[in-house]
Amino acid sequence: MATPMIEIDRVAKHYGNHAAVAEVSFTIDKGEFIALMGPSGCGKTTTLRMIAGLDQPSSGEIRLWGRRLNEDAPWERDAPLVWQSYALFPFLSVRKNVEFGLKQRRLPAPERRKKADEWMERLGIAGFAERGVDQLSGGQRQRVALARALALEPEMLLLDEPLSALDPHLRVRMQSELVRLHRELGITFICVTHSHSEAFAMADRVVIMNE
């Protein structure tokens, strides 16, 4: 049997006496679109943060291609996270936001600009390259956040409630956009949502979490 790309093996996270995640286990294959779905407080975002390396498990193991990840720093995981709030830099232009991760990786400026321009074009925001992100709509900001993450050409993309701040009409359009990107890129998507319709519209498999 082929080794899964990601293994979540009896992973738990405790804050004092409170169990945020209680011995969750599941696997993810390369190229899957997985949704972690459940009500607020069930541990889905904490699980995503542990995969991203922002929180360490209290017990259990997270493995990538069979290698233990628990102690790896976020920047060692090649797994950018697109936040619910987008986490864009208001003092930077759209282009500079998209270039940010590439700059952290010390890519030369011409290469950074070329990659940023490619991804802005691909996500339909090239016309806003020199604007500040505070001049954009919610849907446009979401595309900037996606472009910033995907410009890194990651092995997997993590999404924390990526559509929750959008109005209902735009949310449906962005669902289709995420499914299209997933099919085109062939990378692994792991998406946290509390919405049944989002989870079942976008994902190949749904991990249901509760309590």
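In which sense do strand 7 and strand 8 pair, and over how many bridges? Strand 7 and strand 8 (residues 188-193) pair in the parallel sense, over five bridges, where strands are DSSP runs of E with at least two residues, helices are runs of H or I with at least four residues, and both are numbered from the N terminus. Two strands are said to pair if DSSP finds at least two bridges between them. Within this pairing, M156 stands opposite T188 in strand 8. Between the two strands the chain passes through helix 5 (residues 168-185), and this β-α-β crossover is right-handed, a term used if, with the strands pointing away from the viewer, the path from the first strand over the helix to the second runs clockwise.

The model is a predicted one, in which local features need pLDDT of at least 70 and side-chain atom pairs count only at pLDDT 80 or more, while totals for chains, interfaces and linings use all residues. Residues are numbered from 1 along each chain as its sequence is written, and side-chain values use heavy atoms, with hydrogens and water left out.

Strand 7 (residues 156-160) also has a partner in strand 6, to which it is joined by two bridges in a parallel arrangement, and here V82 stands opposite L159. Five of the five residues of strand 7 are buried, which means under 20% relative accessible area with a 1.4 Å probe and protein chains only, whereas exposed means over 50% and partly exposed lies in between. Both faces of the strand are covered, with M156, L158 and D160 on one side and L157 and L159 on the other.

Elsewhere, four strands form an open sheet in the order 2-1-4-5, with antiparallel pairing. Its edge strands are strand 2 (18-28) and strand 5 (67-68), each of which pairs on one side only. Strand 1 (residues 6-15) pairs with strand 2 over seven bridges in the antiparallel sense, and Y15 stands opposite H18 in strand 2.

Turning to the aromatic rings, a search of the whole structure finds three aromatic pairs, where rings of Phe, Tyr and Trp (its six-membered ring) pair if their centres lie within 6.5 Å, and planes under 30 degrees apart count as stacked, over 60 as edge-to-face and the rest as tilted. The rings of F89 and F91 have centres 5.7 Å apart and planes at 45°, so this pair is tilted. F89 is partly exposed at 23% relative accessibility, while F91 is exposed, with a relative accessible area of 66%. The rings of F89 and F100 are also tilted, because their planes stand at 45°, with centres 4.6 Å apart. Since F89 lies in the loop between strand 6 and helix 2 and F100 in helix 2, the pair ties together parts that are 11 residues apart in sequence. Ring pairs link F89, F91 and F100 into a cluster.

Finally, strand 6 (81-82), helix 2 (94-104) and helix 4 (138-150) each supply at least two residues of the lining of the largest pocket. A pocket is an open set of points on a 1 Å grid over the protein atoms alone where a 1.4 Å probe fits, with protein on both sides within 12 Å along at least five of seven lines, and its lining residues have an atom within 4 Å of a point.
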